[in-house]
Amino acid sequence: MGHSVESRSAVARRAWLLGFLVAATYAAIQLTAGSQWSLYPDSYRYARAAEQFNGKSRADAHHDALDAFCTTRANAARATARLSPVPGAPVPAGTMTAQQCLARWADAPDITTADPRYQAIFSSRPGYPLLAAPFIRVLGVSRGMWVLGLLTATGGSLLVVGLLRSAGLPPVPAVCGQLVFLATPLAQWSLQALSEGLVTLCVLGTIWGAVLLTRRQPVAGTPLLAVSLAACAVTRYSMALALAALTAAAAVGVWCGMRELRHRWTALLAVLSAVAAAVTAVVMSALALPSATTTLQDTFTKHFARPDVLDPWQRLADLDARYWMYWIGAQAHSPTFLVPTVVAAWVLYRCGRELGWFALAAAVTGGLQVAAHPLVQEADRLGALMWMPTVLGLPLLVVRLRRNGRRLASDDAADALTVGRH
């Protein structure tokens, strides 16, 4: 027995060693990204909030966040201009220099709008600015948010390793899942100065906690699930509500569909997730947080620059119908998402056990995000969680192929032995 425990420990160390090696290599590669990384308008607001959490006045926080926003955007524009075959080509049309950007918004309350409804959408989501605050305090806005993005992307990849190991995968397939994660929009958007990285960590933590509970490991699974859903709620409460409700539904699916996992800890998972969804909904109502109707008005009034529309939900239904038809056409033209997702879904269905249910919950959460904001320019970011079945399913294909390879090798060896005897 002692030898078996030691062997398992060695395998675990090998998995984490490989995982950290991949994460370190990925981090080193990101050092070559240069000016391709820049702040988004939402990044400016997160940076401003983080600076205020650090004790700066609203005016000083605005200046620091705006300076980082303008500088990184101008650097990215100049890098694009340098690729022109014509020497001395100007920056792309409509692009401002850093000085022009600063001059335009130096005395403005916000680079988009000062409408209190729009500002409330961001002030009600303090999770990411709170996490970014210490990085910005030590390293400044641009460098601090870049380092945080690098940590959330590499940290997410390591969570994939731990999650897949807990689901029973050997080290190499688990690290293959890490590599798939780093090659998808999940890592791409985790790198940015946006809340997507923290949300991805929360979703992976939720799935990991769910897997641990279904595998009768409540001491580790329960706090991991609770912390992940709580962190998600203060980062993006609407997504936390959907994720908790869908995780509860997935737990019910596991209970009903897998007799060997029909035990009290799976039931506890369903109850905890449902309670988390209910608590999130109650808090949203009690604090009068911006609702789905508010975000729809933001979408259909161009950030409240136009009068409110009378039928936001009907407009959303019409826009969804047009968007998803466009999405189907785009996948038919270039099925870079559809093909690996179908393969991964098949493997999860055949041998994923509970992992398939929880991957599906994450994917549907991402799909709901897109359905709530069916905008082509934002769909890749909002729907990044739709890649979760690919990240968690393709490693199972590696396991299946390795087992088939060993079986074929064993059969060939047996045939050779038989021929030798004759």
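1. Beyond its neighbours within four places in sequence, Leu 224 contacts Gly 205, Trp 208, Gly 209 and Leu 212 (contact means heavy atoms within 4.5 Å). Its C-alpha atom is separated by 9.2 Å from that of Ile 207, 17 residues apart along the chain.

2. The model is predicted: local features need pLDDT of at least 70 and side-chain atom pairs count only at pLDDT 80 or more, while totals for chains, interfaces and linings use all residues. Residues are numbered from 1 along each chain as its sequence is written, and side-chain values use heavy atoms, with hydrogens and water left out.

3. The chain contains 19 helices and 0 strands. Its radius of gyration, 24 Å, is close to the 22 Å that the globule rule gives for 422 residues, so the chain is as compact as a globular protein of that length (the radius is taken over C-alpha atoms, and the rule is 2.2 Å times the number of residues to the power 0.38). The C-alpha trace spans about 90 × 55 × 45 Å along its principal axes. Buried residues make up 46% of the 422. Among contacts with a separation of 6 or more, 74% join residues 24 or more positions apart.

4. Helix H2, residues 41-53, comprises 13 residues and reaches 19 Å from first to last C-alpha, close to the expected 18 Å (1.5 Å times one less than the number of residues). Its buried residues include Asp 42, Tyr 44, Arg 45 and Arg 48. Their cover includes helices H3 (58-81), H5 (116-123), H6 (127-139) and H7 (141-166). Just after H2, Gly 55 adopts a positive phi of about 100°.

5. Arg 48, in helix H2, counts as buried because its relative accessibility is 5%. Leaving out residues up to four places away in sequence, its contacts include Arg 58, His 62, Asp 110 and Gln 119. Asp 42, Arg 45, Arg 48 and Asp 110 are linked in a network of salt bridges (a side-chain nitrogen of Lys or Arg within 4 Å of a carboxyl oxygen of Asp or Glu).

6. The salt bridges number 13. Glu 196 pairs with Arg 381, their closest N and O atoms being 3.0 Å apart. Glu 196 lies in helix H10 (residues 196-214) and Arg 381 in helix H18 (residues 376-382), so this pair ties together parts 185 residues apart in sequence. Both partners are buried: Glu 196 at 7% relative accessibility and Arg 381 at 15%. Arg 381 also meets Glu 378 in a salt bridge of 3.7 Å, N to O; these two residues of H18 are 3 residues apart, about one turn of the helix.

7. On the surface, Val 271, Val 275, Val 279, Val 283 and Leu 287 form a nonpolar patch with about 420 Å² of accessible area together. Val 275 lies in helix H13, residues 264-286, and is partly exposed at 44% relative accessibility. Patches are made of residues with over 30% relative accessible area and no salt bridge, like charges being joined within 9 Å and nonpolar side chains (Val, Leu, Ile, Met, Phe, Trp, Tyr) within 5 Å. Accessible areas come from the Shrake-Rupley method with a 1.4 Å probe, and for residues only the protein chains shown count as cover.

Terms used. Helix = DSSP H or I, 4+ residues; strand = E, 2+ residues; numbered from the N terminus. Buried < 20%, exposed > 50% of the residue type's maximum accessible area, 1.4 Å probe, protein only.
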